[in-house]
Amino acid sequence: MPGMFFPATPKEVKGTDPSLLDGKTQKRRPKTFGMDVKAYLRAMIPHVETGMKASKPKDMLSADEVMQWSQSLEKLLTNQTGQDVFGRFLKSEFSEENIEFWLACEEYKKTQSDLLHYKAQKIYKAFVHSDAAKQINIDFRTRESTAKKIKAPTLTCFDEAQKVVYTLMEKDSYPRFLKSNMYLNLLNDLQANSLK
């Protein structure tokens, strides 16, 4: 009948560009999000029962290594896999901008002097500016101080803001991470595999 609307079937929607779907669909995490994280973490665990070995032994996680993450946020962040797992946890809490900013600052500290201005502006616009898409949660004074410092950037111009974000992660996200299923399941899986 003309003018009659038939809703799309799931098969028709599956191939549809997500930008054409309503906003609710875009904001929802896919049901496979947890499975993706689990698959990533399992790839880091030796497959004792199947006899498969990891291609790079140095990439293998041990239960001791993961247990060390619980000693301090610093120990967690000095480990590449720890950064990845913690980043995925923060993403699940919609606060991944914190670790992204912290990592960007760490990378910025290695910047050659001729690129300081460019990279400082890029980090500021992405994370610090009041209209930043991934705006970090820092106080007004720190935001203003950082804005002044990047006018004549140095390797330390983000240190104050980075310290605020680190403290926020240390006092808020990190304790929740240590109690999360993501961390506890990874640790339990590794401990179980080490006993086999």
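Let's start with Gln162, a buried residue with a relative accessible area of 5%. The model you are looking at is predicted.

**Around Gln162**
- Gln162 belongs to helix H10, which covers residues 159–179.
- Beyond its neighbours within four places in sequence, Gln162 touches Phe101, Trp102, Cys105, Glu106 and Lys109.
- Two of these contacts, Glu106 and Lys109, also pair with each other in a salt bridge, at 3.2 Å from N to O.
- Glu106 is partly exposed at 27% relative accessible area, and Lys109 is partly exposed at 34%.

**Helices H9 and H10**
- Helix H9 (residues 140–149) packs against H10 at an angle of about 150°, and their axes are 8 Å apart.
- On the H9 side the contact involves Arg141, Thr142, Ser145, Thr146 and Lys149, while H10 brings Glu160, Ala161 and Val164.
- Sorted by class, this contact has 2 nonpolar, 3 polar and 3 charged residues.
- Arg141 and Glu160 form a salt bridge here, 2.8 Å from N to O, and the two residues are 19 apart in the chain.
- Arg141 is exposed, with 53% relative accessibility.

**Other salt bridges**
- Glu100 pairs with Lys134, and their closest N and O atoms are 2.7 Å apart.
- Glu100 sits in helix H7 (residues 97–108) and Lys134 in the loop between H8 and H9, so this pair ties together parts 34 residues apart in sequence.
- Both ends are partly exposed: Glu100 at 27% and Lys134 at 39%.
- A network of salt bridges links Glu93, Asp172 and Arg176.

Key
Residues numbered from 1 in each chain as written. Predicted model: local features only at pLDDT ≥ 70, side-chain atom pairs only at ≥ 80, totals over all residues. Heavy atoms only, no water. Helix = DSSP H or I, 4+ residues; strand = E, 2+ residues; numbered from the N terminus. Buried < 20%, exposed > 50% of the residue type's maximum accessible area, 1.4 Å probe, protein only. Contact = heavy atoms within 4.5 Å. Axes fitted to C-alpha atoms, helices over the stretch in contact; angles between N-to-C directions. Nonpolar A, V, L, I, M, F, W, Y, C, P; charged D, E, K, R; others polar. Salt bridge = Lys/Arg side-chain N within 4 Å of Asp/Glu carboxyl O.
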